[in-house]
Amino acid sequence: MKKATNRAIRWAQAGLITNALLVVVKLFAGIIGHSNALIADAVESSADIFSSLIVWMGLSIAARPADEDHPYGHGKAEPLAAAVVSLMLLGAATGISIIAIRDIRAPHHLPSPFTLFVAAGVIIIKETLYRRVSRVGREVGSTAITADAWHHRADAISSLAAFIGIGIALLGGRGWEAADDWAALVAAAVVAVNGGRTLRPAISALMDEAPDRTVKERALQAATGVTGVRSVENLNVRSSGIGFYVDLHVKADPRLSLEEAHEIAAKVKYSILEAIPNVVNVLVHMEPYKDSGRGSQNSVLSLPPV
């Protein structure tokens, strides 16, 4: 868990540094080169800086161990950070739209040719960063890192729109100055879609929505594989940051002593922890197994097909 969190934090830091450099480059290029799309792109990237800071802070808080005031840890800080990042994406889209609409109505200079190369460079850098960060987000199971990755993809798309708009304006000449502003407006729509896309899983995590069904299946297999376990009921999994909490009812022979039942519970717990490294804690409730002949009541818990 600590290794995965540190890895996620390192990529959040990499995104922060990259965004800071790109904001400066795009802003100066946009101002000097008379490209409003590039300036709008710089505004979007400036939001990325704050989002990377939020992700960094969220992951750092989520990595803190449980304490007296937070007995279940600080994992909720991670999806909370993802939600804030998503809202910032939506805010950035709104700001870009306002600037684009304003500049479409007001005539301005044609963009300079060098701004085309700046936009192309940004596309390559941000798309590469998106692919790397997105992979890390999937591997460690972090909604905040995944949201931050989509921030990079949104930036790449807005830069692509700026590239197209600048290209059209330069090819069309006088009368086509607003092409890059229309491109910025299209980019704003894409950014808004990405904001909505990353907001949903963050809200789901905050609402304790059950994770992917495969996690529950792996926990069930680990529990039923322990010697002495007759059946498993009420197995529930909830996410907390990049980790999971598992609780379940295990039925065993009612003739077992309290010490023997405790040993089975401990084996179930450590079997699940070994099978799923991201599990933070397992709560096992032991119950007597009664062969009532009703089948479904005491049969091993089964999961519906995926």
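What pLDDT does the chain average, and what percentage of the residues score at least 70?

**View 1. Confidence along the predicted chain.** The chain averages a pLDDT of 78, and 83% of the residues score at least 70. Here pLDDT is the predictor's confidence in each residue, from 0 to 100. Over residues 294-300 the pLDDT is below 50, yet this stretch has 18 contacts beyond near neighbours in sequence. Contact means heavy atoms within 4.5 Å. Where pLDDT is low, the predicted coordinates should not be read in detail. This is a predicted model: local features need pLDDT of at least 70, side-chain atom pairs count only at pLDDT 80 or more, and totals for chains, interfaces and linings use all residues. Residues are numbered from 1 along each chain as its sequence is written, and side-chain values use heavy atoms, with hydrogens and water left out.

**View 2. The largest nonpolar core.** This core has 23 residues. A nonpolar core is a set of buried Ala, Val, Leu, Ile, Met, Phe, Trp, Tyr and Cys residues joined through side-chain atoms within 4.5 Å. Buried means under 20% relative accessible area, exposed over 50%, partly exposed in between (1.4 Å probe, protein chains only). Leu235, Val246, Leu248, Val268 and Ile272 have the most contacts inside the core. At least two core residues come from each of α7 (213-224), β1 (231-240), β2 (243-252), α8 (258-275) and β3 (279-288). Helices (H or I, at least four residues) and strands (E, at least two) are DSSP runs, numbered from the N terminus. Residues touched by Leu248 include Val232, Leu235, Val268, Ile272 and Val284.

**View 3. Salt bridges around Asp253.** A salt bridge is a side-chain nitrogen of Lys or Arg within 4 Å of a carboxyl oxygen of Asp or Glu. Asp253 pairs with Arg230 at 3.6 Å, N to O. Arg230 lies in the loop between α7 and β1, Asp253 in the loop between β2 and α8. Asp253 also forms a salt bridge with Arg255, with the closest N and O atoms 3.0 Å apart. Asp253 is buried because its relative accessible area is 18%. Arg230 is at 39%, so it counts as partly exposed. Arg255, at 72%, counts as exposed.

**View 4. The Glu233–Lys251 pair.** These side chains meet in a salt bridge at 3.6 Å, N to O. Glu233 lies in β1 and Lys251 in β2, so the pair ties together parts 18 residues apart in sequence. Glu233 and Lys251 are buried.

**View 5. Ser112 in its loop.** Ser112 lies between α3 (77-105) and α4 (114-140). Its relative accessibility is 19%, so it counts as buried. Ser112 touches Ile32, Gly33, His34 and Leu170, not counting residues up to four places away in sequence.
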